[in-house]
Amino acid sequence: MLKLLKEHNRLKETLFIGLLIIFCLSLSTFRLVYSGRKSFMFLNWNLFLAVIPWVLTSLAVLHPNTRLKKTAIVVLLIAWLLFFPNGPYILTDLFHIHMSSSMPMWFDLVMILSFAWTGLLMGYLSLWDIEKILKKSLSRTWVSIISSVLLFIGSFGVYLGRYERWNSWNVIDEPNGLFHDIGNQVMNPSDHPRTWGMTIVLGLFLNILYWSFRLIKSREA
């Protein structure tokens, strides 16, 4: 595995992501020990879910032969899209910040932002992996458009998770209820202003971050 990571220039990225995850887990562990409360331990599970899309696309990069098969690409895209919203979803955990006698609010803010940043970073890194795969058969312009659309779809997924309490695996264990809910909100948008308000605004925010990263990357050239 180490050899594969070096060959595909993924060793530094993997080590950095690993350090970020350790940092996040350390903060949540410290909070648990110091306060004696499990209030924010759910962040660890949310971060685990956010790791999945990055792991999926990293494996695709490390094993490029699998990307030659159209079926493998379709399966990868579907699996990635199911789990991608878990990254930006952590941003909504900021809703849980409140005055507490057990921990300073600034600590909880830094902790949640650390989890959210790690989740977002893995999400964007995995999105760029998806772009590399799509560029094999699509133009750069179309790939950028698809990426922007995927970010809006991801925002819709965040809404489904935060307010409708759907999870990525519900597509397997409760598909009828999930797709009925999605169909109702898509077919009757005027009845669900909060759904589309959050989807559009969060989607714009994620696109701002996306194009900000693109700008930063362009300065390296």
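How many of the 30 residues of α6 are buried? In this predicted model, the count is 23 of 30, and α6 is accordingly described as mostly covered.

## Helix α6

Helix α6 takes in residues 105–134, and its length can be checked against what its residue count would lead one to expect.

N44 is placed in helix α3, which runs over residues 42–62. The relative accessible area of N44 is 18%, and because buried means under 20%, N44 counts as a buried residue.

Leaving aside residues up to four places away in sequence, N44 touches L25, S28 and F115. With S28 there is also a polar contact, in which the side chains of N44 and S28 are joined at 3.0 Å.

## How α3 and α4 pack

Helix α4 covers residues 70–83, and its axis comes within 8 Å of the axis of α3, the two crossing at roughly 160°. Angles over 145 degrees count as roughly antiparallel, and α3 and α4 are therefore roughly antiparallel to each other. The crossing in which α3 passes α4 is left-handed.

Where the two helices meet, α3 contributes L49, I52, P53, L56, T57 and A60, while the residues they meet in α4 are L76, A79, W80 and F83. As background to such spacing, an α-helix has 3.6 residues a turn, so residues three or four places apart point the same way.

Technical notes:
Residues are numbered from 1 along each chain as its sequence is written. This is a predicted model: local features need pLDDT of at least 70, side-chain atom pairs count only at pLDDT 80 or more; totals for chains, interfaces and linings use all residues. Side-chain values use heavy atoms; hydrogens and water are left out. Helices (H or I, at least four residues) and strands (E, at least two) are DSSP runs, numbered from the N terminus. Buried means under 20% relative accessible area, exposed over 50%, partly exposed in between (1.4 Å probe, protein chains only). A polar contact is a pair of N or O atoms within 3.5 Å; within protein, one must be able to donate a hydrogen and the other to accept it, and residues adjacent in sequence count only if both atoms are side-chain atoms. Contact means heavy atoms within 4.5 Å. The expected span of a helix is 1.5 Å times one less than its number of residues. Axes are lines fitted to C-alpha atoms, for helices over the stretch in contact, and angles run from 0 to 180 degrees between N-to-C directions. Angles under 35 degrees count as roughly parallel, over 145 as roughly antiparallel, 65 to 115 as roughly perpendicular and the rest as oblique. A crossing is left-handed if the near helix is turned anticlockwise from the far one by less than a right angle, and right-handed if clockwise.
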